[in-house]
Amino acid sequence: MHWKAKLKIVEREFLTEKEIQKIIELELKMERLDQVRDIFIFCCFTGLAYADVKKLNRGDIVLGTDGEEWVKTKRSKTDTRSNIPILPIAKAIIEKYKDNELLKEKDLVLPVLSNQKMNAYIKEIATLAGITKNLTFHLARHTFATTVTLTNGVPIESVSKMLGHTNLKTTQHYAKILDMKVSKDMEILRNKFKTE
């Protein structure tokens, strides 16, 4: 008997630019929610998974050959390298916690709580921001892959390398290329045909 497994492609959820903005602009009175929001946004702009942001230490932030700061770390899940240029919003979050004494002692970059608490608090933040999607820390990684990088024209090969994937197929599951992006790409072609 020959049985062949069929891989079901899961539509992965991610946040739109508007939703990211809603979370960033949310007035949070509680420190625990403010910290969780910071770490979630940091993950949206670096693509780091929960396990990797939790163990992120000061030595993982290095100066790249381009003179800019990068996160260079090994992924917990796959042991592959992730090299990610640090975008301004992620840099601002690192700066915010750089003088935290407890983090200094442990040589860590951010005050990451248990996965259970982080996910519970990010759901609380989603409710406060009026976002109905099921927010988890893993969704931040998908947001980085789609909204932050691919939508803004970063090639899938670069996204794959930053996410620490060993093959492009893995990245393609994350990277549901948005209709908006396809439309932008085709607009260039459309205009080219109009002028000819």
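Reply: A residue is called buried under 20% relative accessible area, exposed over 50%, and partly exposed in between, with a 1.4 Å probe and protein chains only as cover. This is a predicted model, in which local features need pLDDT of at least 70 and side-chain atom pairs count only at pLDDT 80 or more, while totals for chains, interfaces and linings use all residues. Residues are numbered from 1 along each chain as its sequence is written, and side-chain values use heavy atoms, with hydrogens and water left out.

Me: What makes the nonpolar surface patch with Leu189?

Reply: Val182, Met186, Leu189 and Phe193 make this patch of about 360 Å², the area coming from the Shrake-Rupley method with a 1.4 Å probe. Patch residues must have over 30% relative accessible area and no salt bridge, and nonpolar side chains (Val, Leu, Ile, Met, Phe, Trp, Tyr) are joined within 5 Å, whereas like charges are joined within 9 Å.

Me: Why is the contact of Arg75 with Asp52 called a salt bridge?

Reply: The term requires a side-chain nitrogen of Lys or Arg within 4 Å of a carboxyl oxygen of Asp or Glu, and here the N to O distance is 3.3 Å, so the pair qualifies. The pair links distant parts of the chain, with Arg75 in the loop between β2 (69–74) and β3 (81–85) and Asp52 in helix α3 (residues 50–54), 23 residues apart.

Me: Are Arg75 and Asp52 buried or exposed?

Reply: Arg75 has 6% relative accessibility and is therefore buried, and Asp52, with a relative accessible area of 1%, is buried as well.

Me: What makes Glu187 and Arg190 a salt bridge?

Reply: Their closest N and O atoms are 2.6 Å apart, which is within the 4 Å limit, so the label applies. Both residues lie in helix α10, 3 residues apart, about one turn of the helix. Glu187 is partly exposed because its relative accessible area is 32%, and Arg190, at 41%, is also partly exposed.

Me: How many salt bridges does this rule give?

Reply: The count comes to 10.

Technical notes. Helices (H or I, at least four residues) and strands (E, at least two) are DSSP runs, numbered from the N terminus.
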